[in-house]
Amino acid sequence: MTAAGSTARAHGWVAHLRDGGTTPWLAWADDGGSAASVRALPGAQQLELLRRLNLAVASGAGRSGARGRDHARLADRVLTASAAGRGKADLPLLGLPASSFGPRPVDPAGVSAHELLRVASAVLADDLVELGADPVRRTWAKPWRRRFRLVGDPLVTTAAREHLLGRGRPEGGPRPFVVAVGAPLDVLLAHTWTQRCFEHGSRPWEDWLRFWRQRDQLPARVDLGDSVRRWNGRRPFVRVVTDLDQLPRHLGVRHLPEVRVPGADQAELARRIAAVVGLRAPASERPALMRTLQRRIPDSGVAPVGVPARERAWVASSAARMTRELTRAGYPVVGDLADLAPRSAPAAATGADDEQVLELAIRMIVDPAWRRTRATTREVER
Amino acid sequence: MSRRVLLHVGCPKTGTSYLQDVLFRNQATLREHDILYPAERFDAHFLAALDLMTLPWGGIETEAVGAWDHLAEQVRDWPGTSIVSHEIFARATPTQVERALASLGDAEVHLVLSARDLVRQVPAEWQENVKHRSHITYAAFLRTIRDPGRDSRIGSWFWAVQEVPDILERWGASLPPEQVHLVTLPPPGSDRGELWRRFSRTFGLDGLPLDLTAERENPSLGVPETSLLRTINERVTSIIAPPDYRPLVRETLAHQTLSRSVASARLGLSPDDHAWARELSRSWIDALAGRGYDVVGSLDDLLGPDPGTFTDPDSVPADELLPPALDAISALLVEGARLRAVEERLHEELREAREERDRALMTTTHRVKRKIVTTLEDSPAGRGTLDAYRRIKRRS
């Protein structure tokens, strides 16, 4: 086939994908006819992602998703999206007249999930920015109620803070109770990293753990004693809570919403999206956007991240040190400081693999239900 | 007046920092001569590049929101010649190039690429990697970039910003060849002003009264200094976050301390790598010669110097690492002392502010009011009363 013919064939395949086609590139035999275009060919990453999206739609994953013009718009967005970050540049298609220079051509079907995720996270970040942040529910402040300052487990404190704000109980005020929410240290670390992913992003889970282990320090939000000192907590006005059933009482409410612990795939996807949102929205808007994502991200059934076996000795010694510090400080404890010791059995899988994350990303792109429905907060007895 | 845009897209390590510094500092003079270099801050075009290419960059990217569109808008609104310059534009994909060129409107776009021979670029890029937290050895770096698969992060980035014929294909595909200007860096030993003369000619700056003082450069390191920095990276990269690494390691250690050792051996290529680089360069020169670009300098400049004495940075003996290591310790101690002084001053200012506040609050009336408020705050009823009082007071 001539060079022009090959290029026309590629543009024909692009048109096929734009129409919702699912034929792999190497099986694409159509010579393209009049499909030649002056536009640059998208990279293999963008094209393969679009084909996977089409497959997901065809398999019914996108029943409430895009059709017709909406699909064409989605296809254009995917084909023009940049693969976020300093990875590979857009890869040319195998079988086209190859330049002597530039990256080697590839079969799109062989592009790794990691590469496809770089494009998918950019598309989802744009979706999120377009969606905008959910409004924060707040009512008249009730200053006669107990004032509080929440520190510790970021998943629990973020949910509680938001719930209390909606009930007229904003955090802070004069002489608040400093309530430090504890958990087994491995859980506390996993929750802290997960929450970071839904705020401004983070290093990958295992890198993040290694960073702290090699420094032999705990992240600011994990170190309960340091968190209490940062807010000038004085002994009578401090509660270290390790028994979460009693947390509502110490915040002056009967119930708190159930805390949703994102799975490893959700956190990893959020981590990648956060990096792109940082390029799409002003820094001041990112926390609210990422909180919106945290509320709306669909469940996938994947377990949360776990501490790998090689870090467990450090986690155990850090928990013992933190327990000693809190004991010496003499803060009132609700529960038992022994509960800060890591409890979980070593995680078989410490995080999500790229395929799981890609599956979730594809589901979110083809099924925009998460962008339509309002997040609901369920209240449960604690 | 016709609108022209001179779009300088690379390559890294080709004197771009100096050029950009001259353009940034002389914006007013340039405007008087109808040339726009639109930059409110020195790194404005770097931020625009991050935005255009969706490149997170250690947190700096949060300052890049909308930076490309802002830059393009200023260029579109300028009636004369505009200059856009940053070396990482070299990495743009065909789709990003298409978007970039479309957003510049109907201006006559001239693409500028400054290029240096691979014999000097390869060691310079390894050094740049080391100054950006990498602890890859020189041998591993060379293996990585010589791997035709280019599968690694380092390999794909290196070729994306250094493979001159490919960059020009991506950026220049839609432009007439006479609007593509390839500025070659003069060979080693050339007159120091020659590179500026080539830039000046290409960007139409000849005869303008510009301040050419070198205020901002990206200095290179010697072999033992680079080797030491790489070893330091092995220890600290995983425990020093990028926002701390930049001022402490790259600025204080690399740029301000280790780059001063001008007598150290300079990094080059081993005979085998040199032969490979030369062969590759010849194929580039052959390809470029047939494209009809405007070459400022000579394509032969891209062949690179003859092989010199090679000092392997992966096997620098300890006694050669000692002097730069002592320099590094001294520099960090001085920096530590400076930061302690800053901390001390801030504590002092805070103490003075607190004393001033306390003096202002020590009146009898204030003490009585304080007592009442403290007592009321101890009970729910008291807190409610206080809140009602405060609301009434706000309304009145």
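**Helix α5 of chain A and its span.** Helix α5 of chain A (residues 154-166) has 13 residues, which at 1.5 Å a residue should span 18 Å, and its end C-alpha atoms are 18 Å apart, in agreement. The expected span is 1.5 Å times one less than the number of residues. Helices (H or I, at least four residues) and strands (E, at least two) are DSSP runs numbered from the N terminus. This is a predicted model, in which local features need pLDDT of at least 70 and side-chain atom pairs count only at pLDDT 80 or more, while totals for chains, interfaces and linings use all residues. Residues are numbered from 1 along each chain as its sequence is written, and chains are lettered from A in the order in which they are written.

**Buried face and end of α5(A).** Among the buried residues of α5(A) are Pro154(A), Val156(A), Ala160(A) and Leu164(A); buried denotes 20 or more other C-beta atoms, placed from the backbone, within 10 Å of a residue's own. Their cover includes β1 (148-152), β2 (177-181), α6 (185-197) and β4 (256-257) of chain A. Gly168(A), with a positive phi near 75 degrees, follows α5(A).

**The side of chain B that touches chain A.** In total, 35 residues of chain B are in contact with 36 residues of chain A, contact being C-beta atoms, placed from the backbone, within 7 Å. Elements giving two or more residues to this side of chain B include α3 (44-53), α8 (153-162) and α16 (380-395) of chain B.

**Elements and burial in chain B.** Chain B contains 16 helices and 6 strands. Of its 396 residues, 38% are buried.

Technical notes:
A residue is buried if 20 or more other C-beta atoms lie within 10 Å of its own, exposed if 12 or fewer, and partly exposed in between; C-beta atoms are placed from the backbone. Two residues are in contact if their C-beta atoms, placed from the backbone, lie within 7 Å.
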